[in-house]
Amino acid sequence: MRWVRSLFRIFVMLAVIGFLLVITGASDKMLFYAHVARLYTQSPDTRLAMPLENLSKKGIADTWQAPRGVGRRHEGQDIFAPRGTPILSATNGFIYKIGENNLGGQTVWVIGAGGRVYYYAHLDSYAKGIAVGDRVTTRTVLGYVGTTGNAQGTPPHLHFGVYTATGAINPLPLLTDRIAPVVMKKKETLVSRKA
Ligand SMILES: [Zn+2]
């Protein structure tokens with residue numbers, strides 16, 4: 001019964017490898033890379049959902065490429081709203097990075113179809129429990145409008161940026177106003193019933 005023993009040995013080896021992947025978090029990382037690789041095969045979103053609800057695209061004053069100090073231009077759009085207004089993901093995708101930097105303050109980066117990266121900055125706080133690698137939809141709250149980073153002293157706003165492999169593009173032409181998610185609610189009940 002040598003083959004039984006070798007089969008058992010292979011099984012044990014696989015179990016150990018699996019266990020190591022789980023405890024080191026490598027399996028999560030591998031899964032995340034697999035998701036990102038898949039996103040790269042898709043074409044980029046041509047329409048983005050407004051990151052703030054109840055706010056019309058018409059209300060955004062276009063500041064794309066507006067001068068910002070010496071030798072710097074505005075690489076996105078500023079969307080003004082009261083402090084604490086929830087910021088929803090403009091796309092489906094995965095959280096790529098969460099962190100603080102001098103200009104953006106508290107920021108969240110989401111990677112979407114085509115490998116495009118969506119940048120949300122000046123957050124007052126992050127949504128509870130969000131983590132790098134999380135799958136997001138256009139209903140996912142990422143954080144709340146604030147004035148962190150170089151927005152200190154300005155009216156609270158979300159800085160929203162879109163980055164392609166070759167650099168920033170203007171998000172404004174892609175943005176679309178959100179509509180009431182009536183159909184979605186039905187879908188959610190179906191899903192929860194199945195589960
Ligand atoms: Zn800005």
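**Before selecting**

The structure is a predicted model, in which local features need pLDDT of at least 70, side-chain atom pairs count only at pLDDT 80 or more, and totals for chains, interfaces and linings use all residues. Residues are numbered from 1 along each chain as its sequence is written.

**The whole chain**

Colour the chain by pLDDT, the predictor's confidence in each residue, from 0 to 100. The average over the chain is 89, and 91% of the residues score at least 70. Then select residues 190-195, where pLDDT stays under 50. For this stretch the model has zero contacts beyond four places in sequence; two residues are in contact if their C-beta atoms, placed from the backbone, lie within 7 Å.

**The two domains**

Next, colour residues 2-40 as domain 1 and residues 48-178 as domain 2. These bounds come from an automatic or database domain assignment. The centres of the two domains, taken over C-alpha atoms, are separated by 36 Å. Where they touch, six residues of domain 1 are in contact with eight residues of domain 2. On the domain 1 side, the touching residues comprise four nonpolar, one polar and one charged. In this classification Ala, Val, Leu, Ile, Met, Phe, Trp, Tyr, Cys and Pro count as nonpolar, Asp, Glu, Lys and Arg as charged, and the others, Gly among them, as polar.

**The largest nonpolar core**

Select Ile87, Val108, Val110, Tyr120 and Leu158, the residues with the most contacts inside the largest nonpolar core, which has 28 residues. A nonpolar core is a set of buried Ala, Val, Leu, Ile, Met, Phe, Trp, Tyr and Cys residues joined through C-beta atoms within 7 Å. A residue is buried if 20 or more other C-beta atoms lie within 10 Å of its own, exposed if 12 or fewer, and partly exposed in between, with C-beta atoms placed from the backbone.

Now show the strands that give two or more residues to this core: β1 (48-49), β3 (86-88), β4 (93-101), β5 (105-111), β6 (117-123), β9 (141-144) and β10 (157-164). Strands here are DSSP runs (E, at least two residues), numbered from the N terminus. The most is given by β6, with five residues. In soluble globular proteins, nonpolar side chains tend to be buried together.

Centre the view on Val110 and show its surroundings. Not counting residues up to four places away in sequence, Val110 touches Ser89, Thr91, Gly93, Phe94, Ile95, Tyr96, Tyr118 and Val136.

Select β10 by itself: six of its eight residues are buried. Its pairings may be followed one at a time; two strands pair if DSSP finds at least two bridges between them.

- β2 (77-80) pairs with β10 in the antiparallel sense over four bridges, and Asp78 has His159 in β10 as its bridge partner.
- β6 runs antiparallel to β10 and is joined to it by five bridges, with Val117 facing its bridge partner Tyr163.
- β11 (residues 167-169) is joined to β10 by three bridges, also antiparallel, and Thr164 stands opposite Gly167.

Zoom in on the turn between β10 and β11, which form a hairpin with two residues between them.

**An open sheet of three strands**

Move to the open sheet with the order β3-β9-β7 and antiparallel pairing. Its edge strands are β3 and β7 (125-126), each of which pairs on one side only. Between β3 and β9 there are three bridges, and Leu88 stands opposite Val141 in β9.

**The loop between β1 and β2**

Finally, select Asn54, which is found in the loop between β1 and β2. Its phi is near 55 degrees, a positive value in a residue other than glycine. Most residues other than glycine have a negative phi, and most peptide bonds are trans. Asn54 counts as exposed because it has 9 C-beta neighbours inside 10 Å.

Gln65 is found in the loop between β1 and β2 as well, and its phi, near 65 degrees, is positive. Gln65 counts as exposed because it has 12 C-beta neighbours inside 10 Å.

End at Ala66, whose place is in the loop between β1 and β2. With 11 C-beta neighbours inside 10 Å, Ala66 counts as exposed. Leaving aside neighbours within four places in sequence, Ala66 is in contact with Arg73 and His74. Leu31 lies 35 residues from Ala66 along the chain, and their C-alpha atoms are separated by 39 Å.
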